[in-house]
Amino acid sequence: MNNNFDSLINLLKADERYVAEDGNLLKAKVYQDAMMMEENLLNLLLSQEETKEAFFTKVGNTLVFDKYEFAWLINSKEFLPDSYTAYTNKIGLATNRKFISQADDVVLDFPYKDAVLAGGQDKDDQKRDEIMFHSILAREQITNMLTPKVFTNAKRYTTVGDKDLEGKLIQETIEVKEELAKEFKEDDNLIIKGNNLIALSSLLERYEGKVKLIYIDPPYNTGSDSFGYNDRFNHSTWLTFMKNRLEIAWKLLNDDGTIWISIDDYESHYLKVLADGIFGRDNFLNDIVWQRAFAPVNLKKTFSKSHDYILVYCKNNSSKKELNSLPRKESMLNTYTNPDNDPRGDWTSDNFSVGPADESNIYEIVTPSGRIVLPPEGRSWLYSKMRYEELLADHRVWFGVDGNAVPRYKRFLSEVKDGVVAETLWTYEEVGHNQEAKKEIKNIFDGKAVFRTPKPERLLQRILTIGSSENDLVLDFFMGSATAQAVAMKMKRRFIGIEQMDYIHTVSVPRLHKVMEGEQGGISKEVHWQGGGSFVYCELKEDGQTLIEAIQASDENTIGKIKNYIYQDERIVPYLTAQELETVDNEFEHLDIKDKKRVLIELVDKNKLYVSYSSIDDEDYDVSDEDKSFSHSFYEGVR
């Protein structure tokens, strides 16, 4: 699968103890010696710089061998999968680099769990074979992939218009102005077009530990939500895809932050175990059930699905962890009255008994009418007799208008918190449903259904209310139709959005234009939105275009040279062995010039190469002065 596998195999075969009579590698023997820290094996691994870097860590002046990392690789499905091993029952079953037999944790076992998946799809109908970069043997490729990148096409969108006497923009005259953005400012909202894994890595430079809330609505991997990667490992590919991105996202959260992940039941249980391993099981807050549909689908033969889930984790689930409350509804406030004209104001009554029964709190209570009452069967009074007498003296016990009812506790409106704690069941009446979300998008785009799976603004409003406050930073790296960004703008939060799909130009950014102009859909009327705001749009700079132009201009005499150059770039084809390259060469020569160009262009285009910030001054990449200025302001502004 990877040239580096061949290198390690050849190194191990240099020791005849590890070679079977048929010439195959004795994986079991290698594994055994690794567990025993056998000196000859360690010296062999140290003799090659690549394996030395991969499996040894320098502590002071001493090199420490990571035998669990090495053993994991030797027993992995990718490393000589057809060779004999006595340890097949342990393949993939590891957590924190220790085999599961040595731990009590629950872990997911899936192919390529130690790989990095770029996931470069940018069109709904685009299908591609994904390259799995093994985290041990492809360290250089992964490091290059995840280094900060150069930004290009930076634009600043702001609103302009007349103001009324109070200095507020008048909605009817608001327009969105686009201008070149040469500099990124600390309080700028940001939209990035490009691969979300690579964009997240670029954000670390400036935003590590600074994001208050992350909300994502990733592909659900159901086969109908545009996630069309490797069919053979579709489920495991999705898990790898999510794992890579969640690991970086976790670093961006601040100590008081939370991450909210929308998902359905097809992957929710797997995602929960995966997220527990990344975020820590102790940091799991709750699984929210959102009623996404309001009517059954009678064509279903088993169940008509009516809900999705939202997994919620916090960065630091200490005893002091507290989320924002939800505002009290008018219906809740209406339950507070003052029938006895208590000078302390409106109140409501609560149950005075509790179950199961506590014998010490079972006693007789005499009502003002003279009736003797006891708590119901199996229950006791909520308070001790001494505490009851104190409450009675303080006029905190209510026996009904006629003084003959069972006692109830008086709770005053002035003493309760301003809000209520959110529950974990969210109905469509409270936060909207799928049809409401689709209607919101259609209204923005003149009745056109431009996006298949939006979320309703009321749903995001509740999430942002609970997990953030004004001026907090909100991140969504599966931006989609920009619901999270639209709601964040209306609720006066700062935001970052990342989207790699091309509809960012036809749906996401145009929607934010409408919001800035003062559109009145979604939550606009409730929050008194009148327009305004600003954001910076930019793209990750690709360097594949130079190669594509060279391919298009080539002929039979020059295309072979270009092909060799492309094949030597391990960012493009890191998984081909020397033997496979020779086979490819033979097949390539039989293609006509048109098909040769098509093959090479498709190969470069699928990989979506990006320019590293460290290469910003390299003349081969032709980075403009404007792009240099903006990129410098983004990265160097935080150093």
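Is Phe65 buried or exposed? Phe65 is buried, at a relative accessible area of 7%, where buried means under 20% relative accessible area, exposed over 50% and partly exposed in between (1.4 Å probe, protein chains only).

The model is predicted: local features need pLDDT of at least 70, side-chain atom pairs count only at pLDDT 80 or more, and totals for chains, interfaces and linings use all residues. Residues are numbered from 1 along each chain as its sequence is written, and side-chain values use heavy atoms, with hydrogens and water left out.

**Figure 1. Overview of the chain.** The chain has 21 helices and 26 strands, taken as DSSP runs (helices H or I, at least four residues; strands E, at least two) and numbered from the N terminus. Of the 639 residues in the chain, 48% are buried. Among contacts (heavy atoms within 4.5 Å) between residues at least 6 apart in sequence, 70% join residues at least 24 apart.

Figure 2. A pair of aromatic rings is described by the distance of the centres and the angle of the planes. Rings of Phe, Tyr and Trp (its six-membered ring) pair if their centres lie within 6.5 Å; planes under 30 degrees apart count as stacked, over 60 as edge-to-face and the rest as tilted. The count comes to 27 aromatic pairs. Phe65 and Phe70 form a tilted pair, 5.8 Å centre to centre with 55 degrees between the planes. Phe70 is buried, at 0% relative accessibility.

**Figure 3. Helix H5 and its contact with helix H2.** Six of the eight residues of H5 (residues 67–74) are buried, so this helix is largely enclosed by the rest of the structure. The buried residues are Glu69, Phe70, Ala71, Trp72, Leu73 and Ile74. The axes of H2 (residues 27–35) and H5 come within 9 Å and cross at roughly 170 degrees, which makes H2 roughly antiparallel to H5. Axes are lines fitted to C-alpha atoms, for helices over the stretch in contact, and angles run from 0 to 180 degrees between N-to-C directions; under 35 degrees counts as roughly parallel, over 145 as roughly antiparallel, 65 to 115 as roughly perpendicular and the rest as oblique. Lys27, Val30, Tyr31, Ala34 and Met35 of H2 meet Lys67, Phe70, Ala71 and Ile74 of H5. By class, these residues are seven nonpolar, no polar and two charged (Ala, Val, Leu, Ile, Met, Phe, Trp, Tyr, Cys and Pro count as nonpolar, Asp, Glu, Lys and Arg as charged, and the others, Gly among them, as polar).

**Figure 4. The crossing of helices H14 and H15.** The axes of H14 (residues 457–467) and H15 (residues 483–490) come within 9 Å and cross at roughly 60 degrees, so H14 is oblique to H15. On the H14 side the contact is made by Glu457, Leu460, Gln461 and Leu464, and on the H15 side by Thr483, Ala484, Ala486, Val487, Ala488 and Lys490. This contact has six nonpolar, two polar and two charged residues.

**Figure 5. Tyr207 and Asn196 in helix H7.** Tyr207 lies in H7 (residues 196–207) and is buried, with a relative accessible area of 2%. Ring pairs link Tyr207 into a cluster with Phe151, Phe184, Tyr613, Phe630, Phe634 and Tyr635. Leaving aside neighbours within four places in sequence, Tyr207 is in contact with Phe184, Asp188, Leu252, Leu473, Ile496 and Phe634. Asn196 is also found in H7 and is buried, with a relative accessible area of 2%. With the neighbours within four places in sequence left aside, Asn196 contacts Arg245, Phe477, Phe478, Ile498 and Gln500.
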